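Have the coordinates open while you read.

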Amino acid sequence: MPKYSVSEVLEILKNLTAEEKLELQQFLPSVLDTLPTAAKSLESHSQNIGGINIGSGNSDIAFNQLQADRGSTLNQSRTQARLQNADVQEALKLLSTLKQDISVSNALNPIEKKTLEVPIQTIEEELKKPKPDKSLVDQAIEALNKGLTGVAQLADPVLKLAPLVANVWAGI
């Protein structure tokens with residue numbers, strides 16, 4: 001049997017048909033397992049876990065790369081990171097300002113101030129969730145409107161909050 005260099009073998013592999021490559025792929029692990037243990041340890045100082053290759057100095061992250069043999073089925077779940085949009089940030093900032101304005105307001109008594117904390121806290125908590133409860137937020141905004149009726153300087157921020165929350169719903 002002739003002896004080929006690794007580069008020659010790789011060149012031969014490039015010319016294989018898809019079916020031949022699949023067949024090779026099935027047998028390759030058993031061929032490579034015949035290497036002496038010392039040769040294996042010199043070969044690689046990396047670990048591959050679920051498509052993420054961790055190695056010394058030459059690390060590689062490759063997400064969403066899947067491979068299957070003939071007749072196999074693969075199922076992959078995806079987690080998408082959702083950055084909070086600008087409307088959520090603006091609404092949270094507005095709620096923080098509203099909270100401060102309520103606490104220093106002379107137009108509200110301590111019981112009214114305490115009562116208004118609940119809808120503000122509810123809106124803040126819901127807007128920070130990946131899937132806020134739209135109905136709960138709408139009810140909280142309505143409670144804020146009722147609680148601030150007659151307090152013009154505090155009712156205005158609530159009127160600004162409603163369109164921001166509507167934009168958040170559009171983005172979900």
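Let's start where two helices touch: L116, P119, I120, T122, I123 and E126 of helix 5 meet L136, V137, A140, I141, A143, L144 and G147 of helix 6. Keep in mind that this is a predicted model.

**Helix 5 against helix 6**
- Sorted by class, this contact has 10 nonpolar, 2 polar and 1 charged residues.
- The two helices pack at an angle of about 150 degrees, and their axes are 9 Å apart.
- Angles over 145 degrees count as roughly antiparallel, so helix 5 is roughly antiparallel to helix 6.
- Helix 5 passes helix 6 in a left-handed crossing.

**Helix 4 against helix 5**
- Here the packing angle is about 165 degrees, with the axes 10 Å apart.
- That angle makes helix 4 roughly antiparallel to helix 5.
- The crossing of helix 4 past helix 5 is left-handed.
- On the helix 4 side, the contact is made by V88, A91, L92, L95, S96, L98, K99, I102, S103 and V104.
- Helix 5 brings K113, L116, I120, I123, E124 and L127 to it.
- The class count for this contact is 11 nonpolar, 2 polar and 3 charged residues.

**The core**
- The largest nonpolar core has 25 residues, and L98, I102, I123, L127, L144, L148 and L161 are those with the most contacts inside it.
- Two or more core residues come from each of helix 4 (86–104), helix 5 (110–127), helix 6 (134–147) and helix 7 (152–171).
- What does L144 touch, once its neighbours within four places in sequence are left aside? L144 is in contact with L98, L116, P119, I120, I123, V158 and L161.

- E112 sits in helix 5.
- With a relative accessible area of 33%, E112 is partly exposed.
- E112 and L148 are 36 residues apart in sequence, yet their C-alpha atoms are 8.9 Å apart in space.

**The whole chain**
- The protein chain has 7 helices and 3 strands.
- Reading from the N terminus, its elements run α-α-α-β-β-β-α-α-α-α.
- Of the chain's 172 residues, 20% count as buried.
- Take the contacts between residues at least 6 apart in sequence: 53% of them join residues at least 24 apart.

Notes: Residues numbered from 1 in each chain as written. Predicted model: local features only at pLDDT ≥ 70, side-chain atom pairs only at ≥ 80, totals over all residues. Heavy atoms only, no water. Core = buried A, V, L, I, M, F, W, Y, C linked by side-chain atoms within 4.5 Å. Buried < 20%, exposed > 50% of the residue type's maximum accessible area, 1.4 Å probe, protein only. Helix = DSSP H or I, 4+ residues; strand = E, 2+ residues; numbered from the N terminus. Contact = heavy atoms within 4.5 Å. Axes fitted to C-alpha atoms, helices over the stretch in contact; angles between N-to-C directions. Parallel < 35°, antiparallel > 145°, perpendicular 65-115°, else oblique. Left-handed = near helix turned anticlockwise from the far one by under 90°. Nonpolar A, V, L, I, M, F, W, Y, C, P; charged D, E, K, R; others polar.
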